Amino acid sequence: MHELSLAENAIAIIEDAARRECFARVRIVRVELGALSCVEPEALRFAFASASLGSCAEGARLEILAVAGEGLCEACGARAPMETVYDLCPRCGIRPLKVLCGAEMRIRDLDVE
Amino acid sequence: MCTTCGCGNEGATIDHHHASHPYRRLRRAVMPAAHVAAPDAGDRGIRAEGASASGDAAPSRRVRIEQDLLARNDAAAASNRRRLAAAGVFALNLVSSPGSGKTSLLVRTIERLAGRLPVAVIEGDQQTSRDAERIRATGAPATQINTGKGCHLDARMVGEALAGLPLARGGLLLVENVGNLVCPAAFDLGEAHKVVILSVTEGEDKPLKYPDMFRAADLMLLNKCDLLPYLDVDIALAEAHARRVNPALRMIRVSATSGEGMDEWLAWLEAGAQAAADAPGRGVAAPA
């Protein structure tokens with residue numbers, strides 16, 4: 001997936017927050033990234049370093065908080081860990097699990113000065 | 001630059017080309033806000049380049065954000081969706097690998113719908129206006145978006161392109177995304193449905209290799225079915241793989257060349273256009 005677009009979106013969100021919250025520089029950016037989000041963490045890190053150049057987040061550390069995939073079987077009600085978005089229910093094997101968590105790609109918070 | 005596919009968003013151009021204007025090209029950076037320095041950075045003595053935390057004892061504080069990385073695109077997509085709903089237009093986002101036959105299928109679709117449904121087209125490619133020219137040759141209005149290094153359309157590009165297109169109530173808007181089975185999956189453009197096109201020459205495994213796209217789509221067109229007699233491909237297996245990834249996915253086998261399946265595809269389009277025309281302002285269902 002296009003991690004650069006996401007990194008540019010992250011910078012835009014951070015710049016908005018900088019105006020709103022009156023900070024000039026970001027030290028740490030914490031991003032929640034689900035295992036099922038199809039974002040490659042290292043690609044996002046690389047893209048973020050590039051997209052942040054000239055912004056208040058230039059030089060900031062990107063902390064990626066991994067969120068494991070978990071799903072619910074709508075046929076039998078089982079909850080199970082998910083490796084792919086089309087994992088079948090390990091109990092009844094009938095349908096793909098519905099994703100409960102692991103699809104996240106969001107900025108949680110920033111350390112700023 | 002994106003390490004996955006080499007994309008970048010700057011330098012996208014939108015070529016509005018319609019009968020009342022000579023050829024013109026608007027060139028603009030699509031995401032100018034991304035590289036604006038903090039307004040007061042200079043006041044606080046931050047160096048213009050290479051600013052780092054080393055040796056700086058300024059106190060830090062935590063700011064909660066809790067925002068999805070796609071929030072801006074999703075807001076622009078919601079705006080497009082409202083606009084299309086108000087106009088009573090049935091909008092589709094056509095996604096596939098490069099070379100699946102999207103443009104040929106579009107051309108054939110528009111030819112078959114002539115006199116039945118007004119169709120407008122937005123074409124997305126990294127370079128050239130060749131696809132938009134092919135569409136215009138059918139008589140349908142088309143706007144070409146060149147994404148430059150970008151590997152997908154986003155909602156803002158489509159919003160800008162909409163401004164130059166005639167949208168008729170009860171009509172169709174077909175957005176042909178950049179040929180790419182990965183990136184366009186995440187970017188809602190404001191369409192009623194994503195339609196994924198898989199050509200039978202691509203083999204059976206694409207739905208499992210690129211599950212996000214097949215999950216995001218509501219309809220799959222299996223194109224180039226006229227070639228099946230010459231191929232060692234199990235088309236039922238390709239469909240089973242797609243169904244495994246997305247049990248609700250509807251599928252139609254088509255061929256732009258032979259016309260196979262086109263009646264069913266056109267009937268699906270006409271039913272969607274009728275529903276969109278009958279429900280002004282209430283909006284067409286967003287993809288799940």
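Predicted model: local features only at pLDDT ≥ 70, side-chain atom pairs only at ≥ 80, totals over all residues.
Local features need pLDDT of at least 70 and side-chain atom pairs count only at pLDDT 80 or more, while totals for chains, interfaces and linings use all residues. Residues are numbered from 1 along each chain as its sequence is written, chains are lettered from A in the order in which they are written, and side-chain values use heavy atoms, without hydrogens and water.

**Aromatic pairs**
- Over all chains, the structure holds 2 aromatic pairs (Phe, Tyr or six-membered Trp rings with centres within 6.5 Å; stacked under 30 degrees between planes, edge-to-face over 60, the rest tilted).
- B:Phe90 and B:Trp268 form a tilted pair, 5.7 Å centre to centre with 55 degrees between the planes.
- This pair links B:Phe90 in strand E4 (residues 90-96) with B:Trp268 in helix H8 (residues 262-278), 178 residues apart (helices are DSSP runs of H or I, at least four residues; strands are runs of E, at least two).
- B:Trp265 and B:Trp268 are stacked, at 6.0 Å and 15 degrees.
- Because B:Trp265 and B:Trp268 are 3 residues apart in helix H8 of chain B, about one helical turn separates them.

**Helix H2 of chain B**
- Helix H2 (residues 102-113) of chain B has 12 residues.
- Its buried residues include B:Leu105, B:Leu106 and B:Ile110 (buried is under 20% relative accessible area, exposed over 50%, partly exposed in between; 1.4 Å probe, protein chains only).
- B:Gly115, which follows H2(B), has a positive phi near 85 degrees.

**Two residues of chain A**
- A:Ser52 lies in the loop between helix H2 (41-51) and strand E2 (61-67) of chain A.
- A:Ser52 is buried, at 2% relative accessibility.
- A:His2 is also buried, with a relative accessible area of 0%.

Definitions and conventions
Expected span 1.5 Å × (residues − 1).
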